[in-house]
Amino acid sequence: MAAKEQGKPLAPANSYHLRSDEEEVIVSSHIKLSQRKYVMCCGCVSALFLIIAVTAIVLGFTVFHVKGPRIKMNNVTIQQLELANGTLRSDTNLTLLADVSIKNPNVASFKYENTTTMVYYREMEVGQGRTPAGVAKARRTMRMNVTVDIVPREIMVVPGFTSEVASGTLKVSTYTRIQGKVKIVMVNKNVVVELNCSMTYNFASKEIQGTKDCKPRVSL
């Protein structure tokens, strides 16, 4: 028998798979959905950081903003200021008592050091007093009593004293300086509060005449 002819081998099937139009649409939809989720995630994170930044800025300029404490001279009395033979009695020291209040508008306490108060007559220092360190609590008003001893001889040697005493009045001025710190969160701010007051003492009524002229000043 004649040898049978060997048949030709079949061509190998293609190793790749052609995507149909439907599959292309599905893949494209998945890609777009992933991109959309990524954009939304980035947008949410950006919005969150923006909200945090705006909140921090608002709080920094409002609640957490360090404000200067307000100082006020409520009352002043001068004890032992008496005349004898047309001049001051020199056998006793004069005492100036000042009622001072400090209002702290901050959300944190104002811790201040020793307070110094000086008394002047015609720009000459005639007395000085100190008040111990303390704390003005947050959003509270604290009052302190300042005592200053004045030596009469220091006033009597100032030029113009005799003529002013003859008028029945005596003009004096005070200067109070308070230095401290206000700490809000991570902000530690140094604060200096100053108060200059001028007043007139009436020998007849033995009281301060009229109103006190006070000028506060705050340095941050």
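# A guided reading of the predicted model

The structure holds one disulfide, that is, a pair of cysteine sulfur atoms within 2.5 Å. This is a predicted model, in which local features need pLDDT of at least 70, side-chain atom pairs count only at pLDDT 80 or more, and totals for chains, interfaces and linings use all residues. Residues are numbered from 1 along each chain as its sequence is written, and side-chain values use heavy atoms, with hydrogens and water left out.

Visitor: Which residues does the disulfide join, and where do they lie?

Guide: A disulfide is a covalent bond between the sulfur atoms of two cysteines. Helices (H or I, at least four residues) and strands (E, at least two) are DSSP runs, numbered from the N terminus. With S to S at 2.1 Å, the residues joined are Cys197 and Cys214.

Visitor: What is the handedness of the disulfide of Cys197 and Cys214?

Guide: The handedness is read from the torsion about the S-S bond of Cys197 and Cys214. That torsion is about 115°, so the disulfide is right-handed.

Visitor: Is Cys214 buried, exposed or partly exposed?

Guide: Buried means under 20% relative accessible area, exposed over 50%, and partly exposed in between (1.4 Å probe, protein chains only). Cys197, at 1%, is buried, while Cys44, at 54%, counts as exposed. Cys214 has a relative accessible area of 26%, so this residue is partly exposed.

Visitor: Which backbone oxygen does the side chain of Asn104 reach?

Guide: Asn104 lies in strand E4 (residues 94-104) and is buried, with a relative accessible area of 0%. Contact means heavy atoms within 4.5 Å; leaving aside neighbours within four places in sequence, Asn104 is in contact with residues including Phe110, Ala136 and Arg140. At 3.4 Å, its side chain reaches the backbone oxygen of Lys137.

Visitor: At what distance does a polar contact join the side chains of Asn106 and Asn104?

Guide: Asn106 is placed in the loop between E4 and strand E5 (110-112), and is buried at 1% relative accessible area. A polar contact is a pair of N or O atoms within 3.5 Å; within protein, one must be able to donate a hydrogen and the other to accept it, and residues adjacent in sequence count only if both atoms are side-chain atoms. The side chains of Asn106 and Asn104 are joined by such a contact of 3.0 Å.

Visitor: How are the rings of Phe110 and Tyr112 arranged: stacked, edge-to-face or tilted?

Guide: Rings of Phe, Tyr and Trp (its six-membered ring) pair if their centres lie within 6.5 Å; planes under 30 degrees apart count as stacked, over 60 as edge-to-face and the rest as tilted. The structure holds three aromatic pairs. The rings of Phe110 and Tyr112 have centres 6.0 Å apart and planes at 40°, so the pair is tilted.

Visitor: What is the arrangement of the rings of Tyr201 and Phe203?

Guide: Tyr201 and Phe203 are both buried. Their ring centres are 5.5 Å apart and their planes stand at 90°, so the pair is edge-to-face.

Visitor: What separates the C-alpha atoms of Thr162 and Gly86?

Guide: Thr162 is found in helix H3 (residues 161-166) and is exposed, with a relative accessible area of 60%. Thr162 and Gly86 are 76 residues apart along the chain, and their C-alpha atoms are separated by 8.1 Å.
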